[in-house]
Amino acid sequence: EERIMTETAATAISLRGVERRFGDVAAVDGVNLDITEGEFFSMLGPSGSGKTTVLRLIAGFDEPTAGTIELSGKPVQRLASYDRDVNTVFQDYALFPHLNVIENVEFGLRIRKVAKSRRRQLAREALDRMRLGAFERRRPSELSGGQRQRVALARAIVVDPKVLLLDEPLGALDKKLREQMQVELKDLQRNLGITFVFVTHDQEEALTLSDRIAVFSDGKIQQVDTPENLYRAPATEFVASFVGTSNLFDEEHSLRLLGMNGMYTIRPENLRVSSAGDEHAGRLTGTVRNRMFIGANHRTIIDVDDIEVSVLEPADSPNRSLGEQVSLDFNESDVRRLRADEQSAA
Ligand code: ATP
C-alpha cells in the first residue's frame, strides 16, 4: 500500500471551498481545485472571471474570505507569502529599473541570505538557461520586451521554487514573440519539472501549453480537464463557446432540429455539407450565407431555420455559392450534451 501511494503523483496545490469577496462581489466563489506536482496547469477565462485573484490567494498576496488552501498537503493560512515555496511572474515583469540584469536575478537570493559567490553562480546558471548570459550588465531599460520577460523568469526560477505562478506573462508581447515564448515556457517547465500555474484569457495559448486547464467564469470553475477533453467534450455552454468555435443548440432548437431533449453542441469540423438534392442528404437543411477561406480550410456559415451554423470544410471542398440550398449531416457521437453553466450565487 505504501508503494502505491508514493507512485501516485502528489498534490502540489489544493483549494477547498475557496471564496474571496470584495463587498458584494464574489471574485472567487466556492472554488475546489487540485493541482498535481510537475503539472503545467492553466486557469483560463475572460477578464474579471477571478483567475488573478485565485493566483494571488495561492501566492499569499491576499487571503480567502472562506475555504482552505494547502501547498504540498500543508495549510498555508498562517504562512506569509515569502514563506511559501512559490514564486510569481507578472505580466509587467516588475523588474527593478535601477539594478542591472544579474542584480535583478540575484535579488531573491540576497533576501534569502545566500552567500555572494554562490549567488553569482546561481544567477549565472539561471541567466544561461534563459539564454541571457551576454546581457548580465544591462539595465532592464536596455532590453527588448521578450528579454525582460526572460529576466523575470530567470529571477523567479533562481530560488528553485516548487511552484511557479505566471499571471499572463506573455500578455505584453506581440503575436510572433508570444508564440516563440510559449515554446520556451513549455521547455522550461519540462526541464525544471516543477509545477506551473499559468493564468491566461487566450484559449489557444492554454490549449497549446497545458497538461490541464480550469475554465473560469464569474468566479466559478466550469470544468477542469485536459486540452483534448475540453475541446472534444465541453461540459457546459460556457466552455463550449469559450474554447474553440461551437455550434450551440438550446433546448428548443435541439428538440426541433435534432429531435433531442436538452442542450447540445457540434463542432464545425464535425458537420458535413452536401447539395440539397443529393441522395445522401443529411438531417438538417439550410442556406449558405457566407464562405471564408482561412488557409487550410473554408469556414462556411449556413442559416438553418433561425440559427447560424458554422462548418469547417477542407480547402479543396466543392465551391458553394451564396444562397445555395444545402443539407448538413453529422455522426451521433459528435453531438455533445451540455450541462447548464455553473452559476454564481451572488
Ligand atoms: P483579468 O484577466 O482582467 O485580470 P481576472 O479573471 O484575473 O481578470 P480578477 O482580477 O481575479 O479577474 O477579478 C475578479 C473580480 O474581482 C472582478 O470583478 C474584479 O473587479 C474584482 N476584484 C478584484 N480585485 C479586487 C479588489 N481589490 N477590490 C475590489 N474588487 C476586486
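This is a predicted model: local features need pLDDT of at least 70, side-chain atom pairs count only at pLDDT 80 or more; totals for chains, interfaces and linings use all residues.

Me: Which residues of helix H3 are buried, and what makes a residue buried?

Reply: The cut-off is 20 or more other C-beta atoms within 10 Å of the residue's own. In H3 (residues 101-111), the buried residues are Val101, Ile102, Asn104, Val105, Glu106, Gly108 and Leu109. Just after H3 comes Lys113, with a positive phi of about 60 degrees.

Me: Why are H5 and H6 called roughly parallel?

Reply: H5 packs against helix H6 (residues 175-192) at an angle of about 15 degrees, and their axes are 11 Å apart. Angles under 35 degrees count as roughly parallel, so H5 and H6 get that label. As for handedness, H5 passes H6 in a right-handed crossing.

Me: What makes up the contact of H5 with H6, by class?

Reply: From H5 you have Gly146, Gln149, Leu153 and Ile157, which meet Leu177, Met181, Leu188 and Leu192 in H6. Sorted by class, that's 6 nonpolar, 2 polar and no charged residues. Gly counts as polar here.

Me: How do you know whether Tyr82 counts as buried or exposed?

Reply: Count its neighbours: Tyr82 has 11 C-beta neighbours inside 10 Å. A residue with 12 or fewer is exposed, so Tyr82 counts as exposed.

Me: And where is Tyr82 found?

Reply: Look in the loop between strand S5 (74-75) and strand S6 (86-89).

Methods
Residues are numbered from 1 along each chain as its sequence is written. Helices (H or I, at least four residues) and strands (E, at least two) are DSSP runs, numbered from the N terminus. Axes are lines fitted to C-alpha atoms, for helices over the stretch in contact, and angles run from 0 to 180 degrees between N-to-C directions. Angles under 35 degrees count as roughly parallel, over 145 as roughly antiparallel, 65 to 115 as roughly perpendicular and the rest as oblique. A crossing is left-handed if the near helix is turned anticlockwise from the far one by less than a right angle, and right-handed if clockwise. Two residues are in contact if their C-beta atoms, placed from the backbone, lie within 7 Å.
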